Structures are given as C-alpha cells and as structure tokens.
Amino acid sequence: MQFVVLRDVSGLTQCVGSGLSLPLPESSAEVIGRVKAHPKAPGGYEVQVESFRVISAAVEAAPVEIPKMEWNVNPETMLDYRVVTVRGLRERAALKVQAELVAAFRDHLGTEGFTEISTPKIVSAGAEGGANLFPIDYFGHQAYLAQSPQLYKQIMVGVFERVFEVAPVYRAEEHATSRHLNEYLSLDVEMGFIEDEEDVMSLENRLLAAIMTRLRERAAAEFALLGATIPEVPAHIPRVTLLDARRLVTEKYGHAVGGKDLDPEAERLLSQHYAETEGSDFVFVTKYPRAARPFYAHPEVNGDGSLNGEVTRGFDLLFRGIEITSGGQRIHDHAMLMDSIAAYKLSPESLEGYTEVFKYGMPPHGGFAIGAERLTARLLGIANVRYARAFPRDRHRLTP
C-alpha cells in the first residue's frame with residue numbers, strides 16, 4: 001500500500017493506492033478515486049486511488065519539507081525559501097486571513113459611501129517629512145518611493161468627500177524589529193465634512209466591527225488552525241489622552257515612559273489595563289502633542305475657540321499591545337497649513353503640489369491608516385510581522 005498526501009486550496013487529503021509511480025514532493029498531480037470515511041485520515045476521509053496522473057513533476061527535492069516546517073526549520077530559512085514555504089498550511093492561513101481582512105475593509109467602506117482611489121507611488125517629496133524616504137533616479141531628477149498616500153488622499157477628499165486606498169507604502173527606516181517592514185500594505189481612509197477626530201474614530205470603530213464579523217464568517221478555519229481568537233469590538237472603543245495614558249502606565253505599573261509618544265512597553269501595559277478593566281482589546285490614545293505628529297495634523301481647539309499650538313487632534317489605536325493605526329483630523333485652512341509647514345521647517349516649494357488645493361476651499365476632514373500585516377500578525381498571534389506578508393521586505397531582505 002502507498003499513502004500519498006495531497007494539498008490543495010481546501011486543505012489536505014490522504015490518498016491510498018498501490019503500484020503508483022510517485023514523483024518528488026510538491027509535484028502537481030490529478031487523482032481520481034473513491035472517497036471513504038476514515039477516522040485517522042486528515043479531515044476524517046481518505047481517497048482510494050483509481051487513477052493517478054502527474055501533471056507537472058518537481059525536478060528536484062524542495063529545500064524545505066513543508067509538513068515538517070513548524071518544528072524543525074530555522075525562521076530565517078523559512079524566509080530564504082519563501083517561494084516554497086509559503087505553501088504551508090499555516091503560512092497560507094495568515095495570508096488568507098489578510099485577504100479577507102482587506103476585502104472586508106473595501107466592502108464596509110463602500111457601504112458608507114467611500115470611493116476607492118489610486119495614488120502615485122513615485123513622488124517628488126515625502127508626505128510626512130523626515131529622512132525615511134527611498135530615493136530613486138527619475139530620468140535624472142531626484143524622486144522617492146511614497147511613504148504614504150496622505151497628501152493625495154486629502155486632495156481627493158475635495159473630489160469624492162470620502163476616499164480610501166489599498167496599496168503598498170515604503171519606509172526607509174533601519175529597524176530590525178518584529179513589528180516593522182520597509183514595504184507594507186497600507187489601508188488608508190480619508191473623509192470630509194467632519195466635526196472633529198471623534199467622527200474618524202467612530203468610523204474606524206464600525207469598520208473594525210465589520211472586519212471581525214467577516215473574519216468569523218469567512219476565516220474561522222484559519223483562526224482555528226493557528227489557535228487564534230477573533231476579538232470582540234466594543235460598541236465604543238475606550239479613549240484615553242496621551243498625557244493620561246503616560247500617567248496611568250507610570251502610576252499603575254511603575255514604567256517611566258520616555259520620549260514624546262508611548263514606547264512599546266507602555267503600549268503593552270496600557271492595552272493590558274484596558275483588557276483587564278474594560279474587557280477591550282482596543283484602545284484609542286488621543287490628543288497627541290504637535291512634536292509627535294506630522295505638519296498636517298490639526299491643532300486642538302480650546303473651549304474659547306482659540307487654537308492650542310501644543311496639542312493636536314491626532315490619535316493612535318492600540319490593539320493587543322501594539323499600535324495598528326495612526327490618524328486624526330487634518331488642517332484644511334490654507335493659512336494655518338502654511339504656518340505649520342514653516343513651523344516644521346519644511347520647504348513650501350517642495351509641497352506646493354499638495355498645498356495648492358487648499359487655496360480653493362477644502363472641508364474639515366480627517367482619516368487614518370492601518371498596516372495590514374501588523375493587524376494580521378496581531379490577530380493571529382504571529383510574533384514577527386514578516387510572516388504576515390508573502391514576500392517581506394526589511395532592511396536585510398530583497399529576495400525572493
């Protein structure tokens with residue numbers, strides 16, 4: 001008797017036959033046979049082979065035995081031979097979850113009147129300033145890979161009022177951590193005619209609830225395979241100002257937070273607090289200082305209508321101890337925007353293609369961006385975000 005395990009898009013099937021001329025593993029084949037119940041076979045059934053035909057034979061043994069990957073393969077080897085290892089059930093489960101996540105993102109925004117757009121990925125200047133840009137030669141001129149569609153999606157608010165994009169973005173940051181990629185899939189949203197950043201956070205609240213509903217309907221098997229749980233999204237995700245968040249983490253956990261933002265440990269502790277006290281895997285951190293936000297972040301408005309130059313209407317969303325979203329209300333007034341560009345010591349000329357639209361009237365607007373791989377990894381308990389992308393790009397990896 002010969003036992004053959006077939007893998008297709010639906011999973012694994014054990015086949016039993018005799019006198020079969022078997023090719024190397026990973027070959028493509030067609031099997032015709034009779035399905036029989038078998039308690040020890042994968043899925044509880046096996047196929048008794050009547051006909052076995054090789055469609056395309058592997059010409060050499062695969063560098064990694066896929067059925068044994070989980071327990072005896074170095075993680076870096078998994079990425080070195082990603083063209084083969086991505087076929088593994090666990091690896092493709094993560095990508096399936098991400099595909100359903102992105103589909104739910106598109107579908108829900110469509111129900112709320114959003115239009116999908118496509119923006120340039122070769123740009124003349126960065127959307128957020130700073131030095132984390134990949135320079136490229138553009139017919140003798142200096143250009144860059146886009147670090148965000150931010151400026152273009154704001155421009156398109158003047159066209160469609162509510163827009164979104166699903167596209168890669170590029171960050172030339174020399175991180176070598178488990179949470180960073182140099183190319184990742186960004187899920188971007190921008191909406192006009194808002195009152196303040198609360199409208200934006202409420203939209204994301206509804207969006208996340210819709211995404212989780214679809215994952216329960218379409219990806220339950222993948223979550224079960226990976227031993228992960230789909231979170232409940234509260235009807236109103238808790239909010240805490242950055243100042244209060246820093247104070248809470250210090251007073252409750254004794255963790256001194258450095259810098260202007262929350263460090264990774266502070267994010268973890270803050271998420272732990274809200275999971276324990278409110279049963280929420282999500283928490284919005286609001287009212288970020290100007291120094292921790294890009295030039296287009298709208299300043300906070302005081303009770304008397306004056307502007308608070310030190311605080312913005314920016315927010316982050318933490319999920320299970322890690323930031324998955326950055327967003328807020330944007331500046332829509334031309335004079336305020338030019339003042340902000342000067343305050344950030346950016347070149348008005350390099351941003352003229354963006355700032356020009358604000359001369360002609362723009363509604364109050366805001367939005368956010370979700371890193372698809374980071375959200376996928378956190379949902380599934382994947383320790384390193386590189387394994388939530390089919391072919392990751394980090395500071396050491398350009399292949400495969």
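Start with the salt bridges: there are 32 in this chain, a salt bridge being a side-chain nitrogen of Lys or Arg within 4 Å of a carboxyl oxygen of Asp or Glu. Side chains of opposite charge can pair when their charged atoms come close. The structure is a predicted model, in which local features need pLDDT of at least 70 and side-chain atom pairs count only at pLDDT 80 or more, while totals for chains, interfaces and linings use all residues. Residues are numbered from 1 along each chain as its sequence is written, and side-chain values use heavy atoms, with hydrogens and water left out.

**Stop 1**

Select E174 and R395. Their side chains form a salt bridge, 3.4 Å from N to O. E174 sits in the loop between β9 (162-170) and β10 (183-192), and R395 in the segment after α12 (372-380), so this pair ties together parts that are 221 residues apart in sequence. Helices (H or I, at least four residues) and strands (E, at least two) are DSSP runs, numbered from the N terminus. Is E174 buried or exposed? E174 is exposed, with a relative accessible area of 66%, whereas R395 is partly exposed at 40%. In these terms, buried means under 20% relative accessible area, exposed means over 50%, and partly exposed is in between (1.4 Å probe, protein chains only).

Next, select R389 and E183. This salt bridge has its closest N and O atoms 3.2 Å apart. R389 is in the segment after α12 and E183 is in strand β10, so the pair ties together parts that are 206 residues apart in sequence. Both R389 and E183 are buried.

Now select K287 and E300, whose side chains meet in a salt bridge of 2.7 Å, N to O. K287 lies in the loop between β12 and β13 (299-301), and E300 in strand β13, so here the linked parts are 13 residues apart in sequence. K287 is partly exposed, at 25% relative accessible area; E300 counts as buried, at 15%.

To finish this stop, select E76, D80, R386, D394 and R397 together. Salt bridges that share partners join these residues into one network.

**Stop 2: helix α9**

Select residues 264-278, which form helix α9. How far apart are its end C-alpha atoms? They are 21 Å apart, which agrees with the 21 Å that its 15 residues should span at 1.5 Å a residue. The expected span is 1.5 Å times one less than the number of residues.

Colour A266, E267, L269, L270, S271, H273 and Y274: these residues of α9 are buried. An α-helix has 3.6 residues a turn, so residues three or four places apart point the same way. The buried residues of α9 pack against β11 (239-241), α8 (242-253), β12 (282-286), β15 (314-319) and β16. Just after α9, select G279, which takes a positive phi of about 65°.

**Stop 3: R330**

Select R330, in strand β16 (residues 322-330). The unreviewed UniProt entry lists E128, R171, S326 and R330 under "binding site". UniProt positions are given in the numbering used here, feature names are shortened, and annotations may be inferred rather than shown by experiment. R330 is buried, with a relative accessible area of 5%.

Which residues is R330 in contact with, leaving aside its neighbours within four places in sequence? They are Q150, K153, Q154, V189, E190, Y296, H298, H365, G366, G367 and F368. Contact means heavy atoms within 4.5 Å.

**Stop 4: L101**

Select L101 in helix α4 (residues 89-111). L101 counts as buried, at 0% relative accessibility. Leaving aside neighbours within four places in sequence, L101 is in contact with L187, I211, L215, L375, T376 and L379. For a distance check, go back to E183: its C-alpha atom is 18 Å from that of L101, and the two residues are 82 apart along the chain.

**Stop 5: the whole chain**

Zoom out. The chain has 12 helices and 17 strands. Its C-alpha atoms fill a box of roughly 85 × 55 × 40 Å, taken along the principal axes. Of the 400 residues in the chain, 46% are buried.

Last, colour residues 2-61 as domain 1 and residues 89-388 as domain 2. These bounds come from an automatic or database domain assignment. The C-alpha centres of domain 1 and domain 2 lie 46 Å apart.
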